[in-house]
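Have a look at the sequence and the model below.

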There are 2 protein chains.
Amino acid sequence: MGLQNTLRALADPIRREILSLLKAGPLTAGDICRHFTVTAAAVSRHLAVLREADLIRDRREGKFIYYELNTSVLEEIMFWITELKGDGDDA
Amino acid sequence: MGLQNTLRALADPIRREILSLLKAGPLTAGDICRHFTVTAAAVSRHLAVLREADLIRDRREGKFIYYELNTSVLEEIMFWITELKGDGDDA
DNA sequence: AATACAATTAACAATTAAGTTAATTGTTAA
DNA sequence: TTAACAATTAACTTAATTGTTAATTGTATT
């Protein structure tokens with residue numbers, strides 16, 4: 001389910017932009033919301049999809065929930081693509 | 001539309017498997033169909049999505065249409081991921 | 001306890017995606 | 001031209017995704 005979840009999560013422009021925002025460092029859900037025109041509920045669901053894909057981690061701090069990037073699962077995509085390109089073995 | 005199309009195309013297991021099949025070399029639509037349980041029409045639509053994403057190229061040869069892999073658009077994903085991981089500039 | 005605030009979850013509407021069968025387009029060969 | 005075959009496109013159904021508003025959960029403050 002790893003690669004499938006990861007690619008599905010990345011196949012949405014809002015979710016990719018959320019990841020890009022988190023590149024600079026952790027942000028609260030509210031911080032993230034302010035960058036988009038969609039509602040907080042919509043952003044929250046996008047965050048849930050990213051969390052299920054393990055592309056982000058969350059931790060509560062008081063009444064805020066901080067989200068931060070986790071890029072480790074991207075290795076799997078890199079590997080899959082590299083293999084497809086034939087740099088793997090039987091090229 | 002490049003990255004969006006590419007990621008959307010990759011976010012389906014059948015389409016990824018089609019690409020993997022084509023890694024070994026060009027195949028006809030019929031050849032590809034034989035590897036799946038879904039109908040030829042369904043495979044044909046998957047091929048159309050992959051073609052729109054420019055992940056495959058097609059050429060007709062007699063009554064067969066051959067499909068072959070085009071991995072060049074994958075560079076864009078590699079770049080995007082690399083940048084996200086911070087190997088880009090301001091890490 | 002009551003209020004306020006951050007964020008998520010629930011319930012629903014609208015859009016998009018994926019699958020099916022049936023019809024159509026190309027191409028070859030009788 | 002007609003028949004046969006490869007493959008796509010059309011029409012339709014169903015399932016999944018995305019968005020909205022309203023209700024709920026969790027935490028801090030008064």
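Ile56(B) sits across from Leu69(B), a residue of strand β3(B). This is a predicted model, in which local features need pLDDT of at least 70, side-chain atom pairs count only at pLDDT 80 or more, and totals for chains, interfaces and linings use all residues. Residues are numbered from 1 along each chain as its sequence is written, chains are lettered from A and ligands numbered from 1 in the order in which they are written, and side-chain values use heavy atoms, with hydrogens and water left out.

**The sheet**

Helices (H or I, at least four residues) and strands (E, at least two) are DSSP runs, numbered from the N terminus. Two strands count as paired if DSSP finds at least two bridges between them. In chain B, β2(B) and β3 (residues 64–69) run antiparallel and are joined by six bridges. Further along that pair, Arg57(B) has Glu68(B) as its bridge partner in β3(B). The two strands make a hairpin with two residues between them, and Gly62(B) in the turn has a positive phi of about 65 degrees.

Zoom out and you get an open sheet of three strands in chain B, ordered β1-β3-β2 with antiparallel pairing. β1 (27–28) and β2 (56–61) of chain B are at the edges with a single partner strand each, so one side of each has no neighbour in the sheet.

Chain A also has an open three-stranded sheet with the order β1-β3-β2 and antiparallel pairing. There, β1(A) and β3 (residues 64–69) run antiparallel, linked by two bridges. Leu27(A) finds its bridge partner, Tyr67(A), in β3(A).

| Helix | Lies across | Angle to β3 |
|---|---|---|
| α2(A) | β1, β2 and β3 of chain A | about 90 degrees to β3(A) |
| α2(B), residues 13–22 | β1, β2 and β3 of chain B | about 90 degrees to β3(B) |

**A helix with buried residues**

Buried or exposed: which is Thr6(A)? At 1% relative accessibility, Thr6(A) counts as buried; the cut-offs are under 20% relative accessible area for buried and over 50% for exposed, with partly exposed in between (1.4 Å probe, protein chains only). Thr6(A) belongs to helix α1 (residues 2–10) of chain A, and its side chain reaches the backbone oxygen of Gly2(A) at 2.7 Å. Setting aside neighbours within four places in sequence, Thr6(A) touches Ala53(A), Leu55(A), Val73(A), Leu74(A) and Ile77(A).

**Where the chains meet**

How many residues of chain A are in contact with chain B? There are 27, and they meet 27 residues of chain B. The buried area (accessible area, 1.4 Å probe, that two parts lose on being put together, summed over both) is about 2400 Å², with 68% coming from carbon and sulfur atoms. On the chain A side, Lys23(A), Leu84(A) and Lys85(A) lose the most area to chain B, together 25% of what that side buries.

Superposing by least squares on the C-alpha atoms of residues with pLDDT of at least 70 in both copies, chain A can be laid on chain B with an RMSD of 0.0 Å, using a turn of 180 degrees and a shift of 0.0 Å along the axis. The two copies are therefore related as by a two-fold rotation axis. Both copies use the same surface, with 100% of the contact residues of chain A recurring in chain B.

Conventions. Contact = heavy atoms within 4.5 Å. Axes fitted to C-alpha atoms, helices over the stretch in contact; angles between N-to-C directions. Polar contact = N/O pair within 3.5 Å; in protein donor to acceptor, adjacent residues only side chain to side chain.
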